[in-house]
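This briefing is for a reader who is new to the structure shown below. Please have the sequence and the model in view while reading.

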Amino acid sequence: MRFVRLLIKAAVIFLPWPLRRRILTATFGYQIHPSARIRLSWVYPRMLVMGAHSKIGPFVVAVNLDLVTLGHHSSIGRRNWITGFPTGTSSPHFADQLDRRSELIVGDHSAITKNHHLDCTSSIVIGNFVTIAGYHSQLLTHSVDIADCRQASSPITIGDYSFVGTKTVILGGASLPAYSVLGASSLLNKAFDQTYQLYAGVPANAVKPLPEDSKYFTRDVGFIV
């Protein structure tokens, strides 16, 4: 049965999108709005939910996840690598984390641009009107707990209307507040809560306040011309 499902997965990615959408919803139980679209990509979490006018670009890989949710008018650009470690397996890895969820949840009007790596061993929650910008950022929810000598994971949260600059690293347990900017090449390794701040550096800290009337923070359409 597993081999048959693998064959179905491989075959359907080359079908015209309207037919592929019908197969994905009927065979895998995915919830994909009729106006949503997936291009030539290997996107097979246990559950996929795509809102109206959401889209996933070409050459995206999203595997070994409990859930991927993409809000309306949100997008995942090309060549993003989205991985996880699903719950409910017999593996000893993360067996002590009973409340862990391997999931990517993206709100409305948000964008993950190109060539990023998102490790969703624990939840990555991205709010509304967020931009994961540029290239080659890494959001890594799991690592080795040196004290306990075992794999451990913690969620990552990106608040509404935040902007994540190019080539950043965000580690498990980190939180970028709403209405904030994470500067390019920064390392975010802790949870912050102060809004309207530029966070930057290795490790990142609040370096200066941002104008609350900035048009990025007040827009009602996610797409930026």
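The points below cover the source of the model, its strands, its salt bridges and a surface patch.

This is a predicted model, in which local features need pLDDT of at least 70, side-chain atom pairs count only at pLDDT 80 or more, and totals for chains, interfaces and linings use all residues. Residues are numbered from 1 along each chain as its sequence is written, and side-chain values use heavy atoms, with hydrogens and water left out.

**Strands and sheet**

- Seven strands form an open sheet with parallel pairing, in the order E1-E4-E7-E10-E13-E18-E21. Strands E1 (31–32) and E21 (175–176) stand at the edges with a single partner strand each, so one side of each has no neighbour in the sheet.
- Strands here are DSSP runs of at least two residues, numbered from the N terminus, and two strands pair if DSSP finds at least two bridges between them.
- Within the sheet, E7 (residues 67–70) and E10 (residues 103–106) pair in the parallel sense over four bridges. Thr69 stands opposite Ile105 in E10.
- Strand E24 (residues 197–200) pairs with E22 (residues 181–182) in the parallel sense over two bridges, and Tyr199 in E24 is the bridge partner of Leu182.
- E24 also pairs with E25 (residues 205–209), in the antiparallel sense over four bridges; here Leu198 has Lys208 in E25 as its bridge partner.
- The hairpin of E24 and E25 has four residues between the strands, and Gly201 takes a positive phi near 110° there.

**Salt bridges**

- The structure holds four salt bridges, each being a side-chain nitrogen of Lys or Arg within 4 Å of a carboxyl oxygen of Asp or Glu.
- A network of salt bridges links Arg46, Asp66, Arg101 and Glu103.
- Arg46 and Asp66 meet at 2.9 Å, N to O. Arg46 lies in the loop between E3 (42–43) and E4 (47–50), and Asp66 in the loop between E6 (61–63) and E7, 20 residues apart.
- Asp66 also meets Arg101, at 3.6 Å, N to O. Arg101 lies in the loop between E9 (81–83) and E10, so this pair ties together parts that are 35 residues apart in sequence.
- Arg101 forms a further salt bridge with Glu103, with the closest N and O atoms 3.5 Å apart.
- Asp66 is buried, with a relative accessible area of 5%, while Arg46 is partly exposed at 47% (buried means under 20%, exposed over 50%, partly exposed in between, with a 1.4 Å probe and protein chains only).

**Surface patch**

- Arg37, Arg39, Lys55, Arg78 and Arg79 form a positive surface patch. Patches are made of residues with over 30% relative accessible area and no salt bridge, like charges being joined within 9 Å and nonpolar side chains (Val, Leu, Ile, Met, Phe, Trp, Tyr) within 5 Å.
- Lys55 lies in strand E5 (residues 55–56).

Terms used: Areas by Shrake-Rupley, 256 points an atom, 1.4 Å probe, with all protein chains shown as cover. Lys, Arg positive; Asp, Glu negative; His and termini not counted. Charge placed at Lys NZ, Arg CZ, Asp CG, Glu CD.
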